[in-house]
Structure formats: structure tokens, C-alpha cells
Amino acid sequence: MRFIRTFQTALHALGRNVMRAILTTLGIVIGIAAVIAMVAIGNGSADAIQKTIASLGANSLLILPGSTSSGGVSSGVGTSMKLTPEDCDAVLRDCPDVLYAAPVVRVRTQVIYGNRNTVPPYEYGTTPEFLNVRDWTDMEAGSCFTDQDVRNSSKVCIIGMTTARTLFDDASPVGQEIRLRNAMFKVVGVLSSKGANMWGTDQDDVIIAPWTSIKANVSGSSAQVANQSAAAAATSGAVNTLTQLYPTTGFNLFDAPTADQLADTPLQVRFVNIDQIYVSAASPEDIAPAMREVDALLRERHKITADDEEDFDVRDMTEMVKKFTSASDTMGTLLFAVACISLVVGGVGIMNIMLVSVTERTREIGLRMAVGARASDILWQFLTEAVLLCMAGGILGIILGYIASKSVTAFFGWATRISVASAIVAFLVSAVVGAVFGFYPAWKASRLDPIDALRYE
């Protein structure tokens, strides 16, 4: 009953000057709203980063060629070009913590279909394991190429949805042929939508084909073409004793092979390098062991001693994510600090108005003490008034913060997520602010002398 009477008295005192009570809570409202909005933006940013991690592939590692140097000048990572498909096979075979591994050959060339053309930012030559590494096995249409297509250097490919819309509009790309440089590739599947990555690049603007066919037909010349070019260059110039046994007669010892003979006896093509190896560990806990296993294996295969510099670079894809997360956390911390400053300013405003209220109601305090109110009653009344003001401000701040976060999403396109926990914490914080900053005015009111208070003008 005592608490109820104190609560009713506090509400009655606040109701006598509603406008001043509203203005008093304004600082708390702004502070709580800022906290709610900043937490919502931070949660949205964390969700976006988690989505990015999923789009990159769970537990993924990236093996890059090392750097070359000439005259003491390093050419940078990726210039050594000593990674081979056999390295990829060995990583998958001999590293227990590696679940998937896929060789990658990257190209950048114009893709043409009919009178349409595009240059996708991602053009990969790889194996079907690449989709497992990237956690991208769902197909919108068709199916992925097979390991047999890789072994046969089949000219088949799968494309992303952006590439499909660019080249085919609403028509089905499956079964159609597109041209990469001077080679025709048959589209056998369309990947499901992946969205943009953390750099804002559209991951659906992609073409993926067997790495053997990309290497032979798009990114490099086959051995057969190279040999034919060398033979043509040799016979077009000076006398060659192998092809012209009797130079003065102009008689060639061997007849030139026909087109049918060349088609029936193709030369075996062996490629010695790839651009990257994508690796997926079995679980997040296996990433570090997998990196150590890959490093030890490649050093052994490339005959690198302890004193030699590695000709490869193993990167944890989550390191890049950690950098983005760190920047996001830093910005969120700064914004949260600004919001806390707003709360402190609001608390100071509460204290100031409560001190003014104590001064204005000095005779009232003296009268209550004269008729039997104890110092603790006065203390609890003014403390309750301060807490009620801050709690009301907290409720209004939560509502305003929710509106602000939705507005940020609507107008700026930023991802936001409001958690119930943050709203509860904000409400409790507002009550604590009221108790902390309202205690001194309440204590000052409770320490007044009744006789001096009654004579106060």
C-alpha cells in the first residue's frame, strides 16, 4: 500500500505539468531511440556479413600461386604460376581435414549469343567440386557438367541468372550455345541466385565450365595448335633439312597431313598450371588444421625447404570477413558511444529538472513532513518521479528507434534487424538512468528541514 500511494503521488505530481515532463524526457527518448537504431543497424550488418560468408562458401580456403621477383622487385601474389591440377588432387587425397577441393582457371573474355554479348566478371574453368566448395549446388534449370566432361574437355558450361537474363532475356538458356572467344560452349544448366558479395559485385553474373576446355580453347593454346604453328613458321622461312631433303628440287620428303588425318590423330594435351585452388574444410574448427596440412603438403610437393620462400599462398576466406566485421564493429561501437552520450545528456536533464522541482515544491515537502511523512517517503516519491519519467522516455524511444530503423531500410536500403533483447535492455537502461540521475535530487529533498521548508518563499 505504501508503494502504491507513493506511485500515485508521483503520477499526480508529474501530471500537474505535462509539457515540462515531456520536454524533460526528450533527451532520454533521443538516447534510447539512437541505441535501438544503432543496434538494429549493427544486427543487420552482422546478418549481411553472415550472408556473405555463406555466399563465399562455408569453411573455404583459397590457394593462390606465390610471387616472383626480378632484380629484388616482387611481382605480387599470383605471378609464380606453379600450382598444378595434381596439387589439387593431392590436397583432396592427403589432407584429412579437407572436404572438397577444386582447381580454378580464371579468364575474362567476351561472351556472345546471337546479337547479344557481355563480359561477366566471373568466368571460371573448374570441376563440379567447385559448387560444393561454394555451397552453390542448387540449379535453377538444367544440371551441372560432370567429371567426365572435365576429362574429355567437353565444351559445356553453366551460367548464372544475371548472365542468363543478359543473353537470353526470358528464354531458356539450357541447350543453347554461346561463344567464348572463338569456341562454342553449350549451356547445360543455370545456377540459382546467389546475390551480391561483400564488395557489391553480382555473383550471378558468372560462367563456369570444365577447366580443361577453358584452358585449351579460351585461356591458352593447345599443344597441337602450338606445334602446327611452330611447323608452319619453320617451313615458311629458311630451308629445313627434315622437310626438304633436296632443297634445289623443291621436293618435300613428307606430304602434309590432311585435315581428316589431323582430326583422327589429335595430340594429347597436358597443361601444367592452374590459377587457383578452392578448398573447403570439413567444419569451422578444421580450417586451421586444414591450412597447416595444405601448407605442409605443398611445401613437400614443390620441394621447398624451411629456408626457402613459398611459391604459393594459402588464405583463409574468413580473414577478409573478419576485416569487414572489425570495421563494422568499430563503427557500431562509435555510434553506440554517441547514443550513450545522448543518454547521459538526457540523464543530466532529468537531474536538472528534478532539482528545479525540489526547489519549487519546498513548502509542499515541508507540509508533508509536518503531517507525518518520513524522509524515506520523500526520497522514494522523487526517485519514483525520475524513474517514471525515464521509463516513459524509454518506451517512446523504443517506438521512435523502431520507426528510425525501418526508415533507414526503406530510404537507404541498409539491412536492419531489431531484437527484442535490445528493446528490453534499453527499457531497463532508461530505468537505471532515472534512478542514478534522480537519486541526488530525491536525497536533497529528503534532507530538507520541515520548519525551514514551511517558511520557504
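1. Lys 303. This residue is exposed, with a relative accessible area of 70%. The model is predicted. Lys 303 lies in the loop between helix 10 and strand 14 (312-316). Its phi is near 55°, a positive value in a residue other than glycine.

2. Arg 181. Arg 181 sits in the loop that links strand 10 (177-180) to strand 11 (183-191). With a relative accessible area of 40%, Arg 181 is partly exposed.

3. Asp 169. This residue comes just after helix 6 and takes a positive phi of about 55°. Helix 6 (residues 161-168). Thr 162, Thr 163, Ala 164, Leu 167 and Phe 168 are its buried residues.

4. Glu 140. This residue belongs to strand 8 (residues 139-142). What does Glu 140 touch, leaving aside residues up to four places away in sequence? The partners are Met 161, Val 190, Leu 191 and Ser 192. For Val 190, the C-alpha to C-alpha distance from Glu 140 is 5.4 Å, although 50 residues separate the two in sequence.

5. Helix 3 and helix 10. The axes of helix 3 (residues 85-94) and helix 10 (residues 287-301) come within 10 Å. They cross at roughly 135°. That angle makes helix 3 oblique to helix 10. The crossing is right-handed. Helix 3 contributes Glu 86, Asp 87, Ala 90, Val 91 and Asp 94 to the contact. Helix 10 contributes Val 294, Leu 297, Leu 298 and Arg 301. By class, this contact holds five nonpolar and four charged residues, with no polar ones.

6. The buried side of helix 3. Which residues of helix 3 are buried? They are Pro 85, Asp 87, Cys 88, Ala 90 and Val 91. Asp 87, Ala 90 and Val 91 also take part in the contact with helix 10. Helix 10 is one of the elements covering the buried residues of helix 3. The cover also includes strand 1 (60-65), strand 4 (98-106), helix 7 (211-219) and strand 13 (276-281).

7. Pro 284. The loop between strand 13 and helix 10 holds this proline. Is Pro 284 buried or exposed? It counts as exposed, at 53% relative accessibility. Its C-alpha atom is 8.9 Å from that of Ser 60. Along the chain, Pro 284 and Ser 60 are 224 residues apart.

8. Helix 12 and helix 13. Helix 12 (residues 362-370) packs on helix 13 (residues 375-412) at an angle of about 140°. Their axes are 10 Å apart. The two helices are therefore oblique to each other. The crossing is right-handed. On the helix 12 side, the contact uses Glu 364, Ile 365, Arg 368 and Met 369. On the helix 13 side, the residues are Ala 375, Ile 378, Gln 381 and Phe 382. The classes come to five nonpolar, one polar and two charged residues.

9. Cysteines. How many disulfides does the structure hold? The count is zero. A disulfide is a covalent bond between the sulfur atoms of two cysteines. Cys 95 is buried, with a relative accessible area of 2%. Cys 144 counts as partly exposed, at 22% relative accessibility.

10. The chain as a whole. The secondary structure comes to 15 helices and 14 strands. Of the 457 residues in the chain, 41% are buried. Consider contacts with a separation of 6 or more: residues 24 or more positions apart account for 76% of them. The pair Pro 284 and Ser 60 shows how two positions 224 residues apart along the chain can have C-alpha atoms separated by 8.9 Å.

Notes. Residues numbered from 1 in each chain as written. Predicted model: local features only at pLDDT ≥ 70, side-chain atom pairs only at ≥ 80, totals over all residues. Heavy atoms only, no water. Axes fitted to C-alpha atoms, helices over the stretch in contact; angles between N-to-C directions. Helix = DSSP H or I, 4+ residues; strand = E, 2+ residues; numbered from the N terminus. Parallel < 35°, antiparallel > 145°, perpendicular 65-115°, else oblique. Left-handed = near helix turned anticlockwise from the far one by under 90°. Contact = heavy atoms within 4.5 Å. Nonpolar A, V, L, I, M, F, W, Y, C, P; charged D, E, K, R; others polar. Disulfide = S-S within 2.5 Å. Buried < 20%, exposed > 50% of the residue type's maximum accessible area, 1.4 Å probe, protein only.
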